[in-house]
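Student: Hi, could you walk me through this model? I'd like to start with one of the helices.
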Amino acid sequence: MSKPSEPIEVVFQPAGQSAFVLPGALLTEAAATVGLAINYPCGGRGTCGKCRVRIVEGATPPGESEARALSADEMAAGWRLACQTKVFGPMAVQWGSAAAAAAQILTTTSRRRSDASDRQSIIELRPVEVSPPKRGDDRPEMIRLASALGIPLRAGPPMLRALGRRLTDWGYRGTAVLRGDELIDFLPPAKAHALVAAVDLGTTTLAAALMDSSTGQDLAVAARLNPQRRFGDDVLSRIQACAEQPESLGAMSAAVIEAINEMLAEMSRKAGVEANEILEICIAGNTTMQQLALGIDPVGLGRVPFAPVMAGGVEAVAADVGIAIHPRGRAYVFPVIGGFVGGDTVAGLLASDLADDAGPSLLVDIGTNGEIVVWDGRRLTAASTAAGPAFEGARILHGMHGAEGAVEKVVFDGELRCNTIGSVAPRGICGSGLIDLAAELLRCRALTPQGRLLGAEQARADLPPALRDRLIEHEGKTAFLLVPREQSGHGRPIIVTQRDFRELQLATGAIRAGISILLSQAGLKAEQLQRVVVAGGFGNYIRRHNAQRIGLFPAELDADRIRYEGNTSLAGARMAALCRAARQSAEELARQTDHVDLSTSPEFASVFAQSMLFPDHD
C-alpha cells in the first residue's frame, strides 16, 4: 500500500498566508484555499495571460503557455501563470496588488420610481400589546396575538418555540415582524427594524445594497468581482465547464453564494447591525448567473434552442440556498424572459419604467452578455447578444476591469492624454478607454472602418506625429503604444494590438446588430427613439459621442436622448425587495415581453457582419 503524499506549503506574500496542498495541485487551487482570487478570463486554459504571479522561491520550469504569454526576462525573474503552475515543492509567491485590485463597480442608479410611503412593503413591523391569559380566557397565544393584530396569523415551529417565552418575558408587548400573514419574528419594540437586501448578480461583477424596509433608504452598499471568473470570463465558458465537469456546478454555486454572504456581512458591519437581522434578499442576474447561484444545471442554455430551466421568479427560504440572513428570511430570484434574457433585464425594465414611455424607447445593458429591449409604444421585445468580455477588459492584451490604474478615458487634442481610475500610474486599459482610443484613431484615419490599424508608413501624411510615433510593431503586426514603459505603473509598456481592435469590433457589432434587428422587427428607425436607457456599470462611463463614432449607439440618434441610468439591475432588485407590487410588476413584465432568439434569425449573420464595420465618417 502506497504512502499518502505529504501536503506542501505555499506561502503567499506579502500577507504571509500559508496554504497546504497535495503535490500536483495548481497554484490557483492553493490560493483559493486561503481566500485569494485572481482574474483568469480564459477559465484556466493558459491562453489569456492575465493570472501572472511571481514565484519568489520554488519556481518550476515554465511551460508552453508561459512561453507564449511572458517574455524571457519575465520568466527568468520568476513570473508564471498561476492557472498553469503546479506545486511540487515548497513555494513562496508574490501575490501582488494586480491580483487583488479592487474593481470600481457601480452600485448607484438614476431612480425614476420613488420609494413612496404608501407602498405595500414585503416586510411589516407592527407594535402590539397582547392581553395575557387569565381565567375564562385560555386562548392559545397565536390566537391572542392574531386578535391583537386584527389579522389571520400563521407561524412555523421555530417561531412557535420562541413565542411563548418572549410574550411572557416582555409583558405581552413587542413588535410583530410580518411577511404577509406569516409571523417571522417577535421582537422587543426598542430593537425592531426591518432590514432587506438586494443583489445584482453580474457575470463579471457583483453589487449589493442593504436597506431599511420602513424608509426604503440604503444603509450600506458593497461590491465584488464575481469569483466564478476562474471558470471562464463569459457565460458560455461556465456552461461548458458544467457540461465537461459536472462538479463545477456545485463549485460555482458555492463560490457566488459565499461572495453574497461576504457582501451581506460587510454591509451589516458598515450599518452596525447583524446579518441575521436581514429578513429578505432579492437577487437579479442574467439567466445563467441565476441558475448557477441556485445550483440549477445551465447546460440547456449551451445548446439550441437555449432553453432555461427557470421562468417565473423563485422564492425560497434563504437558508435553503445557503444565504446567511435571518433563519426565517426569504430569498427572491427574479423571473426571466427567455434564453439568455434574464432577471437583470426584468429588473432594468422595472427600474427604468420603459413600458410607461409614451413613444418608442430602447434599453441597452452593455456587459459580457448584452441585453436589448425595444418598446414600440405597445409591446416589449427583448434579445440577448453574446458581446463577449472585451468591454470588461478581458481578451484584450493589456485589458483590465474598471479598477485603480485602468485607463478609462483617452483624449487626443494635439497630444494623447489618458485618465486612469484613481488618478494613478496606468496599469492597463478598460472598456471605456478602449472605445475612446478607437474613436480617436478612426477620426484620424489611423484605424480603418474595417478595423485595420495602419502602420506608421501606411497612415495619412497629415497624421499628427504624436499619434504616428505610437504606431509600433508587436509580434510582426501593427500595434498602438498607449503608455510607454517608463510611464506605466508596472514598468512595462501598455499597448493595444490589432487583435484588441478586432475584439472591440466583435463586441460592438453584436450589440449594434441586436439593436438593428429589434428596431427593424418593430418597424422603427433609430431617430424615432424618444429615450435610450444605457444600463450597467460599464455603460455609465462611456462617452456618448465616442460610442456613436464606433457604432455602438446609432449615429442618427440625438445624443441628448441617450440616458445613463446606472445599475438598473440593482435598482430593480432594490424595488422588489422593498415592495410587493414591484415584485408583481416584475412577474408581469417577464410574461409580457416577447423574446427574440437572434441565433435563429435568418438576417442576423449578414447584419452582424455589416455591424462589425466601424461607421465610415469623421
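Tutor: Happy to! One definition before we begin: helices (H or I, at least four residues) and strands (E, at least two) are DSSP runs, numbered from the N terminus. This is a predicted model, where local features need pLDDT of at least 70, side-chain atom pairs count only at pLDDT 80 or more, and totals for chains, interfaces and linings use all residues. Residues are numbered from 1 along each chain as its sequence is written, and side-chain values use heavy atoms, with hydrogens and water left out.

Student: Great. What follows α8?
Tutor: Gly272 comes after α8, and its phi is positive, near 70°.

Student: And how many residues does helix α8 have?
Tutor: Helix α8 has 25 residues, 247-271. From first C-alpha to last it reaches 37 Å, close to the 36 Å expected at 1.5 Å a residue; the expected span is 1.5 Å times one less than the number of residues.

Student: Switching topic: which residues touch the most other members of the largest nonpolar core?
Tutor: Those are Phe391, Phe480, Leu482, Ile550 and Leu552, in a core of 63 residues. A nonpolar core here is a set of buried Ala, Val, Leu, Ile, Met, Phe, Trp, Tyr and Cys residues joined through side-chain atoms within 4.5 Å. Buried means under 20% relative accessible area (1.4 Å probe, protein chains only). Helix α13 (residues 498-521) gives the largest share of this core, nine residues.

Student: What does Ile550 touch, leaving out residues up to four places away in sequence?
Tutor: With contact meaning heavy atoms within 4.5 Å, Ile550 touches Ile435, Ala438, Ala439, Leu442, Leu504, Thr508, Phe614 and Pro615.

Student: Back to α13, then. At what angle do the axes of α13 and helix α17 cross?
Tutor: They cross at roughly 130° and come within 8 Å, with α17 covering residues 604-611. Axes are lines fitted to C-alpha atoms, for helices over the stretch in contact, and angles run from 0 to 180 degrees between N-to-C directions. That angle makes α13 oblique to α17; under 35 degrees counts as roughly parallel, over 145 as roughly antiparallel, 65 to 115 as roughly perpendicular and the rest as oblique.

Student: Which residues make that contact?
Tutor: On α13 they include Leu506, Gly509 and Ala510, and on α17 they include Phe604, Val607 and Phe608.

Student: Last one: where is Thr381?
Tutor: Thr381 sits in strand β19 (residues 380-385). Thr381 counts as buried because its relative accessible area is 7%.

Methods:
Buried < 20%, exposed > 50% of the residue type's maximum accessible area, 1.4 Å probe, protein only.
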